[in-house]
Amino acid sequence: MEKIGKRFQGKVAIVTASTQGIGFGIAERLGLEGAAVVISSRRQPNVDEAVEKLKNQGIEVMGLVCHVSNAQHRKDLIKNTIQKYGKLDVVVCNAAANPSVDGILETKESVLDKLWEINVKTSILLLQEVAPHLNKGSSIVFVSSIAGFHPPKGLAMYGVTKTALLGLTKALAAEMAPDTRVNCVAPGFVPTHFASFLTTDEEMKRSLEEKTLLNRLGTTQDMAAAVAYLASDDAAYVTGETLIVAGGMPSRL
């Protein structure tokens, strides 16, 4: 980590669902590279703990409670960011839910609605409100998943919502050009609280490792590095693209 640069010096970044796992890793990386980061999640204790961890690393950070499906929370997230920092350069849409392991044809309508709302719709609604505040040269990064390319059993409908983000990336890249770039990262399997089955089921873990070319699962740092690249000026000529960070797992639709 000590070798990283300062590509985000003077920039302001919002990362949703960012108090644990991949989201926290992204916020940490952007902050270590000089960004003022605005982190959020649904629970105040989680926000407080994450803010303390980031501040202890010398990162400029503000933490807010934000349930992305709550319209007022989204408005407050943006309003407080602009009030404190006066600008916005990077938005990382990381919030996701997977409330069911049922097959698609067995999934209840309420679960279908929640999957669509959290994994796709709330990102659109957030960006509708964010757009007027984005600086020229700003960057948006969606966090999709390798499951968006091959929706696996137990994650099928979740995977389909992540497929939708690949199309959303293309559509918004065209709509928001030339002032804002829009890209996407598709992580492979990363052991986190969200994917706790990877840390509790050793057989599943080994099976997934064998599907990669690098014989290992991903880390939150792997994903954070990819997001930081796409959000930075190093990717100034990259928009509408999805970067797959999955150790060589098959990744064609």
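# Helix packing and local backbone features

Helix α1 (residues 21-32) packs against helix α2 (residues 44-55) at an angle of about 30°, and their axes are 11 Å apart. The structure is a predicted model. Two packed helices are described by the angle between their axes and the distance between the axes.

**Helices α1 and α2**

- Angles under 35 degrees count as roughly parallel, and α1 and α2 are therefore roughly parallel to each other.
- The crossing of α1 and α2 is right-handed.
- On the α1 side, the contact is made by Phe24, Ala27 and Glu28, while α2 contributes Ala50, Lys53 and Leu54.
- By class, the residues in the contact of α1 with α2 divide into four nonpolar and two charged, with no polar residue.
- Which residue lies over the face of Phe24? Lys53 takes this position, at 5.7 Å from the ring centre. Both Phe24 of α1 and Lys53 of α2 belong to the contact between these helices.

**Helices α3 and α4**

- Helix α3 (residues 71-85) and helix α4 (residues 109-130) have axes 10 Å apart and pack at an angle of about 40°.
- This angle makes α3 oblique to α4.
- α3 and α4 cross in a right-handed manner.
- The residues of α3 in the contact are Arg74, Lys75, Leu77 and Ile78, and those of α4 are Thr122, Leu125, Leu126, Glu129 and Val130.
- Among the residues of the contact of α3 with α4, five are nonpolar, one is polar and three are charged.

**Helices α4 and α5**

- The axes of α4 and α5 cross at roughly 20° and come within 9 Å.
- α4 and α5 are therefore roughly parallel to each other.
- The crossing in which α4 passes α5 is right-handed.
- From α4, the residues Leu112, Leu115, Trp116, Asn119, Val120, Ile124 and Leu127 meet Met157, Tyr158, Thr161, Ala164, Leu165, Leu168 and Leu172 of α5.
- The contact of α4 with α5 has 12 nonpolar and two polar residues, and no charged residues.

**Aromatic rings**

- A pair of aromatic rings is described by the distance of the centres and the angle of the planes.
- How many aromatic pairs does a search of the whole structure find? The search finds zero aromatic pairs.

**Backbone features in loops**

- Where is Ala17 found? Ala17 is in the loop between β1 (12-15) and α1.
- Ala17 has a positive phi of about 50°, although Ala17 is not a glycine.
- The peptide bond that joins Ala177 and Pro178 is cis, with omega of about 0°.
- Pro178 lies in the loop between α5 (156-176) and β6 (180-187).

Notes:
Residues numbered from 1 in each chain as written. Predicted model: local features only at pLDDT ≥ 70, side-chain atom pairs only at ≥ 80, totals over all residues. Heavy atoms only, no water. Axes fitted to C-alpha atoms, helices over the stretch in contact; angles between N-to-C directions. Helix = DSSP H or I, 4+ residues; strand = E, 2+ residues; numbered from the N terminus. Parallel < 35°, antiparallel > 145°, perpendicular 65-115°, else oblique. Left-handed = near helix turned anticlockwise from the far one by under 90°. Contact = heavy atoms within 4.5 Å. Nonpolar A, V, L, I, M, F, W, Y, C, P; charged D, E, K, R; others polar. Phe/Tyr/Trp six-rings, centres within 6.5 Å; stacked < 30°, edge-to-face > 60°. Lys NZ or Arg CZ within 6 Å of the ring centre and 35° of its normal.
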